[in-house]
Amino acid sequence: MQARIDGGSVKLLTRSGLDWSAGFEPAARSLKALKLPSALIDAEIVVETESGFEPRGPVEA
């Protein structure tokens with residue numbers, strides 16, 4: 001997942017450029033709260049399960 005912050009706008013994009021901002025709205029909101037003028041952040045989304053953390057497979061679009 002790549003977070004693109006530009007002038008207060010935050011987009012969460014997959015490797016292929018799909019916009020998943022709405023699906024990860026809490027993460028986008030948290031990034032917006034940083035009040036960065038611009039940034040490009042490379043990240044990985046994981047899901048916490050009872051057995052630990054697992055990659056979020058469907059996001060790998």
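1. Start with a definition: a residue is buried under 20% relative accessible area, exposed over 50%, and partly exposed in between (1.4 Å probe, protein chains only). Arg-29 has 47% relative accessibility, so Arg-29 counts as partly exposed.

2. Some ground rules. This is a predicted model, where local features need pLDDT of at least 70, side-chain atom pairs count only at pLDDT 80 or more, and totals for chains, interfaces and linings use all residues. Residues are numbered from 1 along each chain as its sequence is written, and side-chain values use heavy atoms, with hydrogens and water left out.

3. Stay with Arg-29. Arg-29 lies in helix α1, residues 25-32. Helices (H or I, at least four residues) and strands (E, at least two) are DSSP runs, numbered from the N terminus. The Arg-29 side chain makes a polar contact with the side chain of Glu-25, at 2.5 Å. Such a contact is a pair of N or O atoms within 3.5 Å; within protein, one must be able to donate a hydrogen and the other to accept it, and residues adjacent in sequence count only if both atoms are side-chain atoms.

4. Now the strands. β1 (residues 2-6) and β2 (residues 9-13) run antiparallel, joined by 5 bridges. Pairing takes at least two bridges found by DSSP. The two strands form a hairpin with 2 residues between them. Gly-7, in the turn, has a positive phi of about 60 degrees. Ala-3 stands opposite Leu-12 in β2.

5. Last, the core. The largest nonpolar core has 8 residues, including Ala-3, Leu-12 and Phe-24. Its members are buried Ala, Val, Leu, Ile, Met, Phe, Trp, Tyr and Cys residues joined through side-chain atoms within 4.5 Å.
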